[in-house]
Amino acid sequence: LAMVLWMIGLGLGDEGDISVKGLKAVQRSAYVYLEAYTSILPGLDRETLAAAYGVSEIIEADRELVESGCEEMLDRAKDNEVSFLVVGDPLCATTHTDLWLRARQKDIAVQVLHNASVMNAVASCGLQLYRFGETVSIPYWLDDWRPDSWYDKIMKNKKAGLHTLCLLDIKVKEQTVENLMRGRKIYEPPRFMTVKQALEQLCKVEEDRQEG
């Protein structure tokens, strides 16, 4: 296939988890991007992946690039094969589904190569996948922003006798409100929510609501 956007899942382990078909697509591509803000592969950087896959360069697709429309990537995919690498499965995040839709609106062919993600690997904890209800995302709270709609979904699952997979927040290449307002490209250190932090927020909501 020529002039195609490949959306390629990297799985959850290391550089060796890419599929054979995915690796061949990467090696044929004129440009290779690595999505770098919804998830990460610990200990693996773009240089390590590029060396493992035999390509000269892997471009970082940070939050700004992806959420601003990926126009650079899509423009290149009109005339070249372009690979978009995603940790886990490429269609688990709504941002990536949106990218797929934008590409199709521009008449760019899209090929999706799936891989293991937390959505199915959670079965390794011994719970049956078909007994999971709606998945929730738990974001970091701010002083003036404390969303708790995820609590309602956990309670709904609990009342139905279903498990809940909770996706914990990560903050990569985030800006303070001041730097954002002033247009300064100064970023905060990466943060990764721990289970302890998520439970503290859950307990605080339960303390306020007393719903059990």
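Predicted model: local features only at pLDDT ≥ 70, side-chain atom pairs only at ≥ 80, totals over all residues.

User: How many residues does helix α9 have, and what does it reach from its first C-alpha to its last?

Analyst: Helices (H or I, at least four residues) and strands (E, at least two) are DSSP runs, numbered from the N terminus. The expected span of a helix is 1.5 Å times one less than its number of residues. Helix α9 covers residues 195–209, 15 residues in all. Its reach is 21 Å, close to the 21 Å expected. Just after α9, Gln210 has a positive phi of about 55°.

User: Which residues of α9 are buried?

Analyst: Buried means under 20% relative accessible area, exposed over 50%, and partly exposed in between (1.4 Å probe, protein chains only). In α9, Ala198, Gln201 and Val205 are buried. They cover an arc of only 65° around the axis, so they sit on the same side of α9. That arc is taken from the directions from the helix axis to the C-beta atoms. The general idea: an α-helix has 3.6 residues a turn, so residues three or four places apart point the same way. Val195, Lys196 and Glu207 are exposed, on the face of α9 turned away from its buried side.

User: What covers the buried residues of α9?

Analyst: The cover includes β6 (136–138), α7 (149–159) and β7 (166–168). Take Gln201, which counts as buried because its relative accessibility is 9%. Contact means heavy atoms within 4.5 Å. Leaving aside neighbours within four places in sequence, Gln201 is in contact with Ile138, Pro139, Tyr140, Trp141, Trp150 and Met193.

User: Which residues of α7 are buried, and which are exposed on the face turned away?

Analyst: The buried residues of α7 are Trp150, Tyr151, Ile154, Met155 and Asn157. Their arc is only 160° around the axis, which puts them on the same side of α7. Lys156 and Lys159 are exposed on the face turned away from that buried side. What covers the buried residues of α7 includes β6, β7 and α9. Just after α7, Gly161 takes a positive phi of about 75°.

User: How much space lies in the second largest pocket, and which residues are closest to its centre?

Analyst: Rolling a probe the size of a water molecule over the atoms shows where empty space is left. On a 1 Å grid over the protein atoms alone, a pocket is an open set of points where a 1.4 Å probe fits, with protein on both sides within 12 Å along at least five of seven lines; lining residues have an atom within 4 Å of a point. Here the space is about 200 Å³. Of the 14 lining residues, Leu34, Ala36, Ile40, Leu44 and Asp45 are closest to the centre. β2 (31–35) and α2 (46–53) each supply at least two lining residues. α2 gives the most, with three.

User: Is Val112 buried, partly exposed or exposed?

Analyst: Val112 counts as partly exposed because its relative accessibility is 22%. Val112 lies in strand β5 (residues 109–113). Beyond its neighbours within four places in sequence, Val112 is in contact with Met7, Pro90, Leu91 and Trp100.

Notes
Residues numbered from 1 in each chain as written. Heavy atoms only, no water. Points joined across faces, edges and corners; volume = space filled by probe spheres on them.
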